[in-house]
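I opened my notebook to this structure.

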Amino acid sequence: MAKSDNGWDAPIRSYISYLRFEKNLSDNTVESYGRDVEQLRRFADGNFPEVSGPPDITRGHIENYMASLFDRGAEPASQARILSGIKSFFSFLTLTDMLEASPAEFVDMPRLRRKLPDVLSLEEVDRILAAIDLSHPQGHRNKAIIETLYSCGLRVSEVVSLRLGDLYFDDGFIRVTGKGDRQRLVPVSPAAKRYIGLWLEQRRGMAPSAKSEDILFLNRRGGKLTRVMVFTLVRQAAGKAGISKNIHPHTFRHSFATHLLQGGASIRQVQDLLGHQSIITTEIYTHLDKENLHQSLRDFHPLGKMD
């Protein structure tokens with residue numbers, strides 16, 4: 001029997017049982033988490049003779065293991081997933097008093113390369129809005145939706161869930177229900193108020209379904225719009241405007257945040273408007289703004305085009 005069996009087997013078996021029966025995770029997830037721990041165990045067996053079980057593992061051992069993953073060419077996302085599994089294992093051992101503290105607690109997660117989303121210029125937003133045919137039966141609705149996506153920075157799920165009772169136009173706000181049913185008040189622009197008002201005039205002539213009587217934006221049958229429907233109308237409007245970027249409803253939210261930062265808003269203000277719980281989520285827009293500054297330098301400064 002290998003030297004590590006006595007020290008590792010019981011904690012790993014307890015951990016797997018905890019994931020399967022108390023956390024009720026799927027078989028695939030349990031297998032993945034178990035594999036993360038087994039890989040750390042094998043690494044310790046082959047490199048650190050002083051380690052006979054989890055109590056002997058230190059932060060340095062884990063950092064050495066993570067460095068070995070990097071050396072083998074593991075992608076940052078894979079490294080982060082494996083480290084997450086290891087952190088979960090040692091957190092379990094502290095919860096069950098098998099360890100006093102987790103050696104993985106202060107091991108830093110790999111920095112993931114985040115793909116910056118496409119952002120529209122103000123001129124492109126105007127072109128998309130201008131491309132919407134208001135003579136079409138759903139023209140005013142579509143224009144109101146896109147204006148609300150952009151000028152309020154909403155998620156598509158938030159737009160399709162807006163209710164008539166969420167409109168506080170006299171106070172200049174709309175009430176938005178975001179992730180986790182968290183609500184926030186978002187200022188509504190004069191343009192959005194105007195387009196929503198024009199849509200409401202048309203909506204009065206419709207017969208909403210029983211489940212959608214208070215829903216703001218309706219489909220032709222009087223029901224609630226789906227996310228796919230909004231995706232389609234956004235793509236169609238962008239196509240008519242001749243814009244070749246990869247446009248989807250969230251593009252307007254990205255553009256809203258980026259334009260606010262470019263205009264001088266603080267990241268805290270943008271965080272509140274977007275409904276982000278963590279400012280870390282909002283920080284991607286500071287990168288977008290920096291990219292814009294670099295592009296402006298390249299485009300307009302006399303030395304910007306020089307190699």
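How much space lies in the largest pocket? I found about 430 Å³. I noted that this is a predicted model: local features need pLDDT of at least 70, side-chain atom pairs count only at pLDDT 80 or more, and totals for chains, interfaces and linings use all residues. Residues are numbered from 1 along each chain as its sequence is written, and side-chain values use heavy atoms, with hydrogens and water left out.

**Pocket.** A pocket here is an open set of points on a 1 Å grid over the protein atoms alone, where a 1.4 Å probe fits, with protein on both sides within 12 Å along at least five of seven lines. Lining residues have an atom within 4 Å of a point. I listed 19 lining residues for the largest pocket; His136, Arg141, Asn142, Leu233 and Gln236 lie nearest its centre. The elements giving two or more residues to this lining are α6 (139–152) and α9 (227–240). α9 gives the most, with 6 residues.

**Backbone.** I then looked up phi. Most residues other than glycine have a negative phi. Asparagine 24 has a positive phi of about 55°. I placed Asparagine 24 in the loop between α1 (5–22) and α2 (27–47). Is Asparagine 24 buried or exposed? Asparagine 24 is exposed, at 64% relative accessible area (exposed is over 50%, buried under 20%, partly exposed in between, with a 1.4 Å probe and protein chains only). Aspartate 97 also has a positive phi, near 65°. Aspartate 97 sits in the loop between α4 (76–95) and α5 (122–130), and is exposed at 69%.

Note on methods:
Grid points are joined across faces, edges and corners, and a volume is the space filled by probe spheres set on the points. Helices (H or I, at least four residues) and strands (E, at least two) are DSSP runs, numbered from the N terminus.
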